[in-house]
Amino acid sequence: MAWEAVIGLECHIQLRTRTKMFCECEVVFGDEANSHVCPTCLGLPGALPRLNAGAIRMALRLGLALGCDIRHESQFARKNYFYPDMPKNYQITQYDRPLFEHGTLPVVVEGEAREFALTRIHCEEDAGKSFHPERTGDRSRSRVEFNRAGTPLLELVTEPVLRSPADCAAFLVTLRRLVRALGISDADMEKGQLRCDANVSLRPEGASLLGVKTELKNLNSIKGVERGVAAEIERQRRALDSGERIVQATLLYDADHDKLAIMRTKEQAHDYRYFPDPDLPLLVVSEAELEQARASLPELPWRRVQRFVAQYGLPPYDAAVLGDSRELADYYEECAAGLDPKFVANWLMTEALRAVNERAWDVARWTAQVPAARMADFLGRVARKELPGPLAKQFIGWLADEAGGVDELLARHGVSVKGTAEDLRPIVKAVLDENPGPVAQYLAGKTVTMGFLVGQVMKKSGGQAVPTLAQQLLIEEMAARS
Amino acid sequence: MSRPLWKESAAAISARVRAGEITAVEAMDAGWDGPASLWEHDVHAVVHTDREARHAAAEAAPARGLLAGVPVLVKDNLCTVDYPTTCCSRILAGYHAPYDATVVRRLREAGAVIVGKGNMDEFAMGSSTEFSCYGPTRNPWDLSRVPGGSSGGPAAAVAYGLVPVALGSDTGGSVRQPAAFCGVYGLKPTYGRLSRYGLVAFGSSLDQVGIFARHAGDVATTFAALAGWDEYDATSRPAPAPDVSNWDAGVTGLRFGWPANLWANGVDGAIVDALERSANALERAGGTRVPMEFLPGEYAVAAYYLVATAEASSNLARFDGVRYGLRSSDATDVRSLYVRSRSEGFGPEVRRRILLGTYALSSGYYDAYYLQAQRARTRIRREYARAFESCDFLLLPAAPTLPFRVGEKVDDPLAMYLSDVFTIGANLAGTPGLSVPVGVTPEGLPTAVQLLGPQDGEGALLRAARAIEVNGDVARLPREHEVEASWPGKR
Ligand SMILES: [Zn+2]
C-alpha cells in the first residue's frame with residue numbers, strides 16, 4: 001500500500017530578552033552554575049512571578065508576522081509535573097487560552113511555494129538543566145543548574161500539514177530566518193535556542209483520517225529533524241506493511257546512531273493537571289501595544305525575497321540565498337545601490353560567500369571586515385573594468401584578510417592598473433600597427449594569436465593593462481579595421 | 001498615670017518612641033521580660049525567636065515612622081531574613097529565607113521591630129493551630145481551648161500582651177477566626193491590597209496577609225503602613241489604598257446589613273447576643289440597620305475547599321527535598337527522594353489536602369470539581385456585590401461557636417472545615433473582613449462579630465469597629481489582674 005506521512009511540528013523558540021520571563025535575572029549562558037538565580041526562578045517559598053513585558057513585545061512581533069489571531073486576554077496556566085530541574089515542580093505556560101492561534105508560515109520547499117498552517121503559539125518559561133549522575137564511591141549524584149530556569153520561550157505548534165522530512169527542514173529554515181529577521185531569537189538549534197519535536201503518523205494515500213501518531217523528541221539540528229522524521233516514517237511504513245499496529249508513544253532520536261528509542265507509551269503519559277495560574281492576572285494586549293509591535297516589524301524575509309526578484313530581477317534561487325538573513329540582505333542592498341544588482345548578486349554569491357566559507361566565517365564577520373562601502377567601491381571598479389578579472393578574484397582575498405581601501409591594497413601588492421579604455425586604446429592601435437602578420441593570422445581564424453597580441457599590449461603598457469580589457473579593445477579595433 | 005508599657009497600644013508606644021521617651025528595646029522588653037512572658041510557657045504562641053536577633057532588630061529600628069518601636073510578631077509563613085521561616089512544617093525545618101516578605105520589609109521601614117515568628121497550623125491548613133510541627137498553641141483565655149487557626153500564634157500573642165500588633169494570613173478565615181477566639185481585632189484586607197510576596201502560598205487566589213491588634217486604631221495604622229501596590233506581586237492592587245485615617249470618624253450615615261437568617265440555626269447563643277449588642281452599639285452611634293436575607297452561596301464551603309486544595313496541591317509541589325528543606329536520608333533515586341521527603345516532611349492534614357487538590361485537578365475530574373468550584377465562586381462574588389448595594393457593610397458571626405476544646409475536632413476534618421462557614425465567603429469574593437471582639441462570656445471566653453465590606457471598604461469596617469469598641473465592651477487582656485498579681489515585678 002502507498003502511505004502518506006502526516007507530520008506536525010512543535011517548536012520552542014528561546015527569546016533573546018535581557019532578563020528572564022518572570023523575574024529580573026539576566027539570561028546568560030556559560031557562566032558559573034546557579035549564578036543567575038533569585039527566589040522566583042529558584043522557586044523559593046513565598047516568591048512570585050512577574051511578567052517580563054519585553055518578552056511579550058517580542059512575541060507580538062512573531063504573532064503579527066505569521067498572521068495569527070491574537071487573543072487580547074490570554075491566560076497563563078500551570079503545568080504540574082515533578083522534575084528536579086523544574087524549580088516549582090510546575091511550569092508556567094499557556095493552555096486553553098494561548099496568546100496566538102492560527103496563522104501560517106510561507107515556505108518554499110524544493111522550489112515550490114507552500115503555506116503551512118499553525119495551530120497556536122504560546123508563551124512559557126524554560127526549565128533548568130540536569131546533569132547525568134556522577135558516581136562517587138557507591139553513591140551517584142545528579143546536579144541541577146538553574147541559570148536557564150525561567151528563560152522566556154515561545155512554543156509554536158503546527159497543524160498536521162507537513163508531509164515529508166524536506167517539508168520539516170524547509171519549515172525550520174524559514175522559521176529560523178524569520179525569528180532572526182524579527183530580532184527575537186538567535187534560533188541556534190545546537191544551542192537549544194530553537195528546539196523541535198515532531199508528531200508523525202502514516203495513513204493510506206488519499207485517506208483523510210489520521211493514523212496513530214508518535215512523538216519524536218531530542219531533535220537538535222535541522223538535519224536531525226530531517227533524519228529522525230525519515231527514520232520514523234520508515235519504521236512506521238515497515239510496521240504497517242507487515243500488518244502491525246502503531247502504538248502511540250514518545251520516541252527519542254539518537255542522531256549519532258540514527259536510531260529511535262521508545263521513551264514512554266500512552267499508558268505512561270503524564271496528567272499535567274493544568275489550571276490557570278492564580279499568581280498572574282490575564283495577559284492583556286492593548287491595541288496600542290499591537291500597533292507599536294506592528295510598527296516595529298521589519299520587512300519580512302519572504303516579502304524581501306519576493307521584492308529581490310521583482311525589483312532587482314534576481315532569479316528566485318539567488319533572491320532566496322541573499323535574503324536568507326537580514327544581515328546578508330541588508331549588505332546586499334547596500335552594496336547594490338548604484339550598481340547593477342544582478343552583477344553584485346553574482347559577486348556576493350560566488351566570490352564573497354566562497355571567501356566566507358573558506359575562512360569558516362559567518363556573514364557578520366565578513367560584513368565587519370568588508371563593510372558595504374568598501375565592497376561597493378571594489379565592485380564599482382570591477383564593473384567599470386578598472387580591475388582585471390583574475391586580479392579581482394584575488395582581490396577578494398585581500399579585502400577579507402587585510403585592511404585598507406582598494407588603492408591602498410593595489411599599492412601594497414605592487415599592482416598598478418591602466419584602467420580605462422582611453423588609456424589603452426593608443427597602445428592597442430600601436431600593437432596592431434606593429435604586428436600585421438599575427439593580425440592577419442587571427443582574422444584568418446587562428447584565434448590563439450590573440451594571446452600573443454594581448455601579451456604585446458601588456459608589455460607595451462608596462463604590465464599595467466587589464467588583460468580582458470586589452471583583449472576586448474583588440475577585437476574592437478580589428479573589427480573596425482577589417 | 002499611664003498604663004504599663006506592655007498593655008499599651010501600638011499608637012501609644014510609637015508616639016513615645018518618636019518622642020524619645022522610651023526606646024524600641026524598652027518597648028519590646030516590656031512584653032518579653034514583663035508579666036506577659038509568664039503566659040508564653042503555657043500558650044506557646046511563638047516558634048522562632050532569639051534574644052540577640054530581637055535586640056539587634058530593636059536597636060536597628062528607626063525611631064520614626066507610623067510604627068516606630070512597635071514590637072510585631074509575624075506568622076511563620078512570612079519570610080524574614082532574621083528568623084527561620086518554616087510554616088511550622090517539618091519539611092522546612094531549619095529553612096532561612098534569603099529575603100524579607102514585602103509586608104515585613106514595610107513593617108521595618110515603618111519603624112516596627114520583628115520580634116519572632118508565630119505558631120500556626122502547618123502551611124496554614126487548619127482552624128485550631130493544633131497542626132503545627134512544634135505543638136499546638138493554646139487559648140490564653142482558657143488553656144484547655146484552641147486559639148483558632150491557622151494564625152493562632154500571632155492572635156494569642158496579641159491577646160495575652162506579648163505584642164500589640166501581629167501579622168497572620170487569611171485564606172479562609174485564618175486571621176478572623178483566631179482573632180474572634182482570642183478576643184482581638186483581626187483584619188483580612190481586600191484581596192491584593194497587602195502584598196503576597198514572601199507569604200508562603202497556600203491558596204494563591206484566596207491568600208491575604210492580615211493584621212491583629214487589640215485596638216481598632218492600631219489595625220488602621222498598621223494597614224496604612226503596609227497597604228499599597230507591590231511590583232513583586234502581580235496580583236497586588238494597583239489603585240491607591242483606601243484612606244483609613246478616619247477610623248475614629250464614627251458611623252453616622254453608614255448602613256449595616258443584618259442577615260439574621262444566617263444565625264437562625266447552629267450559632268452559639270453568646271455569639272447571637274454579641275451580634276445584638278454590636279448592632280445596638282452601631283445604632284446608638286448613628287448607623288442604620290438594614291435587615292436582609294443573605295445566603296452567600298450554599299456551596300461556598302465545597303467551592304472553597306476545592307479551590308484552596310487545588311491551588312495548594314500545586315503550590316506545595318516545590319517542597320521536594322531537592323533545593324532546600326527536609327531531604328529524606330534514605331532516598332535511593334529521584335522518585336524515592338520525592339516520595340520519602342514529602343511523606344516524612346508533611347503532616348497528615350497537609351497530605352490530606354494535597355491529595356484532595358490533586359484529585360480535583362486531575363484529568364477527567366477537572367470540569368466536575370475545579371471548574372464547577374470556580375463557577376460557584378463567580379456566583380458568590382456576585383451575591384456579595386449585590387448585598388453591598390443595599391448596605392456599606394454586613395454584620396455577621398466570625399465563627400459559629402466559641403473557642404472549642406483542644407483535640408475536640410482534630411479527628412473530624414469535616415467539622416473543622418464547617419467552622420469556616422462565615423469567613424470563607426470574603427476569601428472567595430476577594431473582599432475585606434474584620435473580626436471585632438465584643439466582650440467576654442460569664443465563663444470568661446471572648447465573643448466576637450465579623451464585619452464584611454465591599455472591595456476597598458476597609459475604612460467603613462474600621463469606623464464600625466471603633467464605634468463598637470467605644471460603645472460596647474472594650475477588648476481587654478485575659479485575666480490581666482491575675483497576671484499582674486502573680487508577677488513579682490522584678491524589672
Ligand atoms: Zn530569577
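**The interface inside chain B, and what surrounds it**

Tutor: Domain 1 and domain 2 of chain B bury about 2500 Å² between them, and carbon and sulfur atoms give 66% of that area. Keep in mind that this is a predicted model. Three residues stand out on the domain 1 side. B:I91, B:Y417 and B:L428 supply 30% of the area that domain 1 of chain B buries against domain 2 of chain B, more than any other three residues. The contact draws 27 residues from domain 1 of chain B and 25 residues from domain 2 of chain B.

Now place the two partners on the chain. Domain 1 of chain B is assigned in two pieces, 5-252 and 400-480, while domain 2 covers 298-378. Their C-alpha centres lie 26 Å apart. What about charge pairs across this surface? The rule finds zero salt bridges between domain 1 of chain B and domain 2 of chain B.

Next, the contact between the chains. Chain B and chain A bury about 2800 Å², with 57% from carbon and sulfur atoms. Here 39 residues come from chain B and 32 residues from chain A. The count between chain B and chain A is one salt bridge. B:R196 pairs with A:D279, with 3.0 Å between the closest N and O atoms.

Salt bridges also occur within the chains. Side chains of opposite charge can pair when their charged atoms come close. Over all chains, the count comes to 57 salt bridges. In chain B, B:R289 and B:E283 meet at 3.1 Å, N to O. B:E283 counts as partly exposed because its relative accessibility is 34%. In chain A, salt bridges with shared partners join A:E299, A:R304, A:R307, A:D330 and A:E333 into one network.

Two helices of chain A show pairs at one spacing. A:E358 and A:R354 form a salt bridge at 3.7 Å, N to O. Both lie in helix α9 (residues 341-358), four residues apart, about one turn of the helix. A:E358 counts as exposed because its relative accessibility is 59%. A:R354, at 42%, counts as partly exposed. In helix α11 (residues 372-383) of chain A, A:R381 and A:D377 are four residues apart, so about one helical turn separates them. Their side chains meet in a salt bridge at 3.4 Å, N to O. A:R381 is buried, with a relative accessible area of 15%, whereas A:D377 is partly exposed at 33%.

Step back to the layout of chain A. The assignment gives domain 1 (3-291), domain 2 (301-404) and domain 3 (421-481). The C-alpha centres of domain 1 and domain 3 of chain A are separated by 67 Å.

Last, the metal site in chain A. The zinc ion takes SG donors from A:C23, A:C25, A:C38 and A:C41, at 2.3 to 2.4 Å. Why is the arrangement called tetrahedral? The four donor atoms subtend angles of 100 to 115° around the zinc ion, and that makes the arrangement tetrahedral. Along the chain, the donors follow the spacing C-x1-C-x12-C-x2-C. A:C23 and A:C41 link distant parts of the chain, 18 residues apart. A:C23 sits in the loop between β1 (3-14) and α1 (39-42), while A:C41 is in helix α1. A:C23 and A:C41 are both buried.

Terms used. Residues are numbered from 1 along each chain as its sequence is written. Chains are lettered from A and ligands numbered from 1 in the order in which they are written. This is a predicted model: local features need pLDDT of at least 70, side-chain atom pairs count only at pLDDT 80 or more; totals for chains, interfaces and linings use all residues. Side-chain values use heavy atoms; hydrogens and water are left out. Donors are N, O and S atoms within 2.8 Å of the metal (3.2 Å for Na, K and Ca); water is not among the atoms, so sites may look incomplete. Four donors count as tetrahedral if all angles lie between 85 and 135 degrees; four count as square planar and six as octahedral if opposite donors are over 155 degrees apart and all others between 65 and 115; anything else is irregular. Buried means under 20% relative accessible area, exposed over 50%, partly exposed in between (1.4 Å probe, protein chains only). Domain bounds come from an automatic or database domain assignment. Contact means heavy atoms within 4.5 Å. Buried area is the accessible area (1.4 Å probe) that two parts lose on being put together, summed over both. A salt bridge is a side-chain nitrogen of Lys or Arg within 4 Å of a carboxyl oxygen of Asp or Glu.
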